[in-house]
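Hi there,

Here is the structure I promised to pass on. Have a look at it first, and my notes follow below.

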Amino acid sequence: MDAESDTSRRVPGPDTSTATDTAFGDFNVASDFGEMGDAARTPAADLFFGDFAPPLDPDLVFECSASMNGEHGAVALYEDRIIVESPDEPDGEAVFSVDTVRAWWLVEGETFFALVVEADVLHRTRLPSGFKAVLKAAFTKALGPATSPTGA
């Protein structure tokens, strides 16, 4: 018989089959966490995620932003305009009308992709690959399918 299967040498521990973990309270008893407004209840328990952000513009269709290696990229698609934030933009940000968009496309990278929009000029911003599918869906719905650059 090996030592692991020989239970006769082990010291019996406390019976925990019916004991509750009192350090964290009983998850089935709401009073263990306090009621709304109780002084004992932690303020964080009453917070709602939406309280951290200002109300969204009702014209906003899609928005995403990220900073990678110190470079910030963002795009906001509204019903009537697009806002692109990128180090490639002369002022860091460009705002242009949806009506001026002639083409848009995505350029693949390893861990990022670039959205390029041809309007009055070319506008470009880089974003993490995780945003690609949802950005493509939003732009396709708003502007039609991605197209090749003019003259390409």
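**Threonine 125 and its surroundings**

Leaving aside residues up to four places away in sequence, threonine 125 touches Gly73, Ala74, Val75, Val84, Glu85, Ser86, Phe113, Ala114 and Leu115. Please keep in mind that this is a predicted model.

Threonine 125 sits in strand S7, which covers residues 122-128. Its relative accessibility is 1%, and because buried means under 20%, threonine 125 counts as buried.

Strand S7 belongs to an open sheet of three strands, ordered S5-S6-S7 with antiparallel pairing. S5 (103-108) and S7 are the edge strands; each has a single partner strand, so one side of each has no neighbour in the sheet. On average, neighbouring strands of this sheet are turned by 20 degrees against each other, direction ignored.

S6 (residues 112-118) and S7 run antiparallel and are joined by seven bridges. In one of these pairings, glutamate 118 has leucine 122 in S7 as its bridge partner.

Helix H1 (residues 132-143) lies across S5, S6 and S7, and runs at about 165 degrees to S5.

Which residues have the most contacts inside the largest nonpolar core? They are Val75, Ile82, Phe96, Leu115, Leu135 and Phe139, in a core of 20 residues. Two or more residues of this core come from each of strand S1 (60-68), strand S2 (71-78), strand S3 (81-85), strand S4 (93-97), S5, S6 and H1. In soluble globular proteins, nonpolar side chains tend to be buried together.

**After the helix**

Alanine 146 is in the segment after H1. With a relative accessibility of 40%, alanine 146 counts as partly exposed. Alanine 146 touches Trp104 and Trp105, with residues up to four places away in sequence not counted. Alanine 146 and valine 116 are 30 residues apart in sequence, and their C-alpha atoms are 9.9 Å apart in space.

Best wishes

Technical notes
Residues numbered from 1 in each chain as written. Predicted model: local features only at pLDDT ≥ 70, side-chain atom pairs only at ≥ 80, totals over all residues. Heavy atoms only, no water. Helix = DSSP H or I, 4+ residues; strand = E, 2+ residues; numbered from the N terminus. Buried < 20%, exposed > 50% of the residue type's maximum accessible area, 1.4 Å probe, protein only. Contact = heavy atoms within 4.5 Å. Pairing = 2+ DSSP bridges. Axes fitted to C-alpha atoms, helices over the stretch in contact; angles between N-to-C directions. Core = buried A, V, L, I, M, F, W, Y, C linked by side-chain atoms within 4.5 Å.
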